[in-house]
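Thanks for coming. I'll walk through one model this morning, going from the overall layout down to single residues. The sequence and structure are up now.

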Amino acid sequence: MKLETLLKAIGNNPMYHVTVTNERVMLRARAPSESEAASVGSGPSGDREVVVLFSVESSGELKVLEAYVEAPSGRRPIPPDEIEWWLNILESMA
């Protein structure tokens, strides 16, 4: 996925925040709480964010460097295949 495609896909959606510095991109997305993801309960979502760090290749393509869920209890890595699946969905929205 190219940076322009990512920016187009997320648009002005308040669930996402992108920071671009030089050849690095940080994508932050509000993550659902475990109960929201499991469709149980309706409590507050908590302070969980998905963070994906990219490098920008010379072709303009984004390359995932690291991805994790950040919560008050700490960080949990996200497997690359889950990030690719998510990015494919975002790309289809562009």
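When I say helix or strand, I mean a DSSP run: at least four residues of H or I for a helix, at least two of E for a strand, numbered from the N terminus. Read that way, the elements of the protein go α-β-β-α-β-β-β-α from the N terminus on. That comes to three helices and five strands. Keep in mind that this is a predicted model.

Some overall values before the details. The protein has 94 residues, and 29% of them count as buried. Its accessible surface is about 6,100 Å², with 52% of that belonging to carbon and sulfur atoms. If we take contacts between residues at least 6 apart in sequence, 38% of them join residues at least 24 apart.

Now the sheet. The five strands form an open sheet in the order β1-β2-β3-β4-β5, and the pairing is antiparallel. β1, residues 16–21, and β5, residues 74–77, are at the edges with a single partner strand each, so one side of each has no neighbour in the sheet. From one strand to the next, the twist averages 25 degrees.

Going across it pair by pair: β1 and β2 run antiparallel and are joined by six bridges. Within that pair, Y16 has A29 of β2 as its bridge partner. β2 and β3 are also antiparallel, over seven bridges, and here A29 stands opposite V50 in β3.

Next, the hairpin of β1 and β2. There are two residues between the strands, and N22 takes a positive phi there. The value is near 55 degrees, and N22 is not a glycine. For context, most residues other than glycine have a negative phi. N22 is in the loop between β1 and β2. Is N22 buried or exposed? The cut-off for exposed is over 50% relative accessible area. N22 has a relative accessibility of 72%, so N22 counts as exposed.

On to the helices, starting with α1. Helix α1, residues 3–10, lies across β1, β2, β3 and β4, and runs at about 155 degrees to β1. L3 lies in this helix. Buried means under 20% relative accessible area, and L3, at 14% relative accessibility, counts as buried. Leaving aside neighbours within four places in sequence, L3 is in contact with V20, V25, G60 and L62. L3 and V56 are 53 residues apart in sequence, yet their C-alpha atoms are 7.6 Å apart.

G60 is in the loop between β3 and β4. G60 is buried, with a relative accessible area of 18%. Not counting residues up to four places away in sequence, G60 touches M1, K2 and L3. G60 and M1 are 59 residues apart in the sequence, with 8.4 Å between their C-alpha atoms.

Last, helix α3, residues 80–93. At 1.5 Å a residue, its 14 residues should span 20 Å, and its end C-alpha atoms are 20 Å apart, which agrees. Which residues of α3 are buried? They are I83, W86, L87 and L90. These cover an arc of only 100 degrees around the axis, so they sit on the same side of α3. The general point is that an α-helix has 3.6 residues a turn, so residues three or four places apart point the same way. On the other side of α3, D81, W85 and S92 are exposed. As for what covers the buried residues of α3, the list includes α1, β1, β2, β3 and β4.

To finish, two places to look at again on the screen. One is the loop between β3 and β4, where G60 is found, and the other is the side of α3 with I83, W86, L87 and L90. That's what I have.

Technical notes
Residues numbered from 1 in each chain as written. Predicted model: local features only at pLDDT ≥ 70, side-chain atom pairs only at ≥ 80, totals over all residues. Heavy atoms only, no water. Pairing = 2+ DSSP bridges. Axes fitted to C-alpha atoms, helices over the stretch in contact; angles between N-to-C directions. Contact = heavy atoms within 4.5 Å. Buried < 20%, exposed > 50% of the residue type's maximum accessible area, 1.4 Å probe, protein only. Areas by Shrake-Rupley, 256 points an atom, 1.4 Å probe, with all protein chains shown as cover. Expected span 1.5 Å × (residues − 1). Arc of directions from axis to C-beta.
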